[in-house]
Amino acid sequence: MKHVLKIFSLLVAISGLWIGLLQASIIPRSHTWLLPIYFIVSLGCYGLLMVGVGLMGFPTCPQEALLLQQDIAEAKYFLKQRGVDVDSE
Amino acid sequence: MELADRAVGFLLSFISLSIFTYYTFWVIIVPFVDSDNFIHKYFLPQEYAILIPVCAGVVLLCLLCMFVGFVMLKSKKKKA
């Protein structure tokens, strides 16, 4: 519940800032009207960028993969000896 | 395997950066240049700068609702 309240208060603050910018004409009017959509689009772009950067730097750990395969083979052999059939492929 | 991951990641970040720069130019810089500059050839009329994100957002919302409804129907059919 508190997290929702935090996000809501942030939204209210940003919209207050936008309305304040509308009243005091520091930036030209046409730009101020377009600001919310610009921020939403840039937020989506930022999320996509973070996903792309994370994908690019994702580690694969080949040694751990090998150890894992060995563990799986060992576990299958152990369980098959006890009578449990886990080779369902 | 990891080369495909790196290629997809690079493609995603490239698309996002290009969309960001194009949209920044469109919304912020193009209204300030003169009406008969050459740069206006490369950018669509300014109404589309609002129309395209709103349409994309509406389509995304529709797809999301359809997906949620589809999953709910499938789970209900499996239980019955």
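**Close-up views of a two-chain predicted model**

**View 1. Residues 7-29 of chain B, end to end.** Between the end C-alpha atoms of residues 7-29 of chain B there are 32 Å, and the span is 100% helix and 0% strand. Helices here are DSSP runs of H or I with at least four residues, strands are runs of E with at least two, and both are numbered from the N terminus. This is a predicted model, where local features need pLDDT of at least 70, side-chain atom pairs count only at pLDDT 80 or more, and totals for chains, interfaces and linings use all residues. Residues are numbered from 1 along each chain as its sequence is written, chains are lettered from A and ligands numbered from 1 in the order in which they are written, and side-chain values use heavy atoms, with hydrogens and water left out.

**View 2. The UniProt spans.** What does UniProt say about residues 7-29 and 49-73 of chain B? Its unreviewed entry gives them the annotation "transmembrane region". UniProt positions follow the numbering used here, feature names are shortened, and annotations may be inferred rather than shown by experiment. Residues 49-73 of chain B are also 100% helix and 0% strand, with end C-alpha atoms 37 Å apart. Over in chain A, the UniProt record (unreviewed entry) lists residues 34-58 as "transmembrane region". That span is 92% helix and 0% strand, and its end C-alpha atoms lie 36 Å apart.

**View 3. The largest pocket.** Have a look at the largest pocket, with its volume of about 570 Å³. A pocket is an open set of points on a 1 Å grid over the protein atoms alone, where a 1.4 Å probe fits and protein lies on both sides within 12 Å along at least five of seven lines; lining residues have an atom within 4 Å of a point. Points are joined across faces, edges and corners, and the volume is the space filled by probe spheres set on them. Which residues lie nearest the centre of this pocket? Out of 17 lining residues, they are A:Val41, B:Ile19, B:Ile52, B:Pro53 and B:Ala56. At least two lining residues come from each of α2 (29-56) of chain A, α1 (2-29) of chain B and α2 (47-79) of chain B. The lining has 15 nonpolar residues, two polar and no charged. Nonpolar covers Ala, Val, Leu, Ile, Met, Phe, Trp, Tyr, Cys and Pro; charged covers Asp, Glu, Lys and Arg; the others, Gly among them, are polar.

**View 4. The second largest pocket.** Here the volume is about 400 Å³. Its lining includes A:Leu11, A:Trp18, A:Pro36 and A:Phe39. Two or more lining residues come from each of α1 (2-23) and α2 of chain A. Sorted by class, the lining holds ten nonpolar, two polar and no charged residues.

**View 5. A:Cys61 in its loop.** A:Cys61 sits in the loop between α2 and α3 (62-81) of chain A. Its phi is near 50°, a positive value in a residue other than glycine. Is A:Cys61 buried or partly exposed? With 36% relative accessibility, A:Cys61 is partly exposed. Buried means under 20% relative accessible area, exposed over 50%, and partly exposed in between (1.4 Å probe, protein chains only).

**View 6. The two chains.** Chain A has three helices and zero strands, and buried residues make up 12% of its 89 residues. Chain B has two helices and zero strands, and buried residues make up 12% of its 80 residues.
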